[in-house]
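Here are a few exercises to work through with the model open beside you. Try each one before reading its solution.

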Amino acid sequence: MQPNQNKFSWFDVADDVKELLILAAQTWENTEISEKYMQQALAKTQGNTDVLVAAYRYFYYKNNYPLALTTAEQLIAKIKEIEKLPDNWEDLKSILVQRHEEPQIRLYLNAYAASGLVLAKLGDLEQAKEISTRIKGIDEKNDFGAGILLDILTCPPEEDD
């Protein structure tokens, strides 16, 4: 059976990579097999942002939070490299504020916010709070969900009556 690569026509990758992504989706119920397809797609594309996004979502929804975090961090690093973004947060913040409507910068912000969510799921609440606070400072409309995560992480515990 030959998967239909046209389902992923927006992916700027070779047909064999699209086929691997389709096979990963088709074998979703068998994590061992579907993960092999996803890993093969990642290996063949060496940091393609579309494939990294697909892999992040795959690992997140498979509850494989360590790999979801690794993938989000790879995506952040790739966009940082492509856009030549600085390491220093204060310098980076001003760029992100100015360019937050650009597709690559939005993807960066989404990936950074996603890393905060995954860190929270992994129990690194302080790092998750720091990332959420940073994103919330840029994201007035709460497009990236960091404000919601920050509210959850900073909510005082309910008192028992």
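## Exercises with worked solutions

**Exercise 1.** Find the helix in which T133 is found, and decide how exposed T133 is.

*Solution.* Start with the helix: T133 is found in α7 (helices are DSSP runs of H or I, at least four residues, numbered from the N terminus). Next, its relative accessible area is 44%, so T133 is partly exposed (buried means under 20%, exposed over 50%, partly exposed in between, with a 1.4 Å probe and protein chains only). Finally, 23 residues separate T133 from P156 along the chain, and their C-alpha atoms are 17 Å apart.

A note on the source: this is a predicted model, where local features need pLDDT of at least 70 and side-chain atom pairs count only at pLDDT 80 or more, while totals for chains, interfaces and linings use all residues. Residues are numbered from 1 along each chain as its sequence is written, and side-chain values use heavy atoms, leaving out hydrogens and water.

**Exercise 2.** Work out which residues of α5 are buried and how they are arranged around the helix.

*Solution.* First, list the buried residues of α5 (residues 89-99): W89, L92 and L96. Looking down the axis, they fall within an arc of 65° (taken from the directions from the helix axis to the C-beta atoms), so they line one face of α5. Then turn to the face pointing away from the buried side, which carries exposed E90 and Q98. Last, look at the cover over the buried residues, which includes α6 (103-121) and α7 (125-136) (contact means heavy atoms within 4.5 Å).

Key:
Helices (H or I, at least four residues) and strands (E, at least two) are DSSP runs, numbered from the N terminus.
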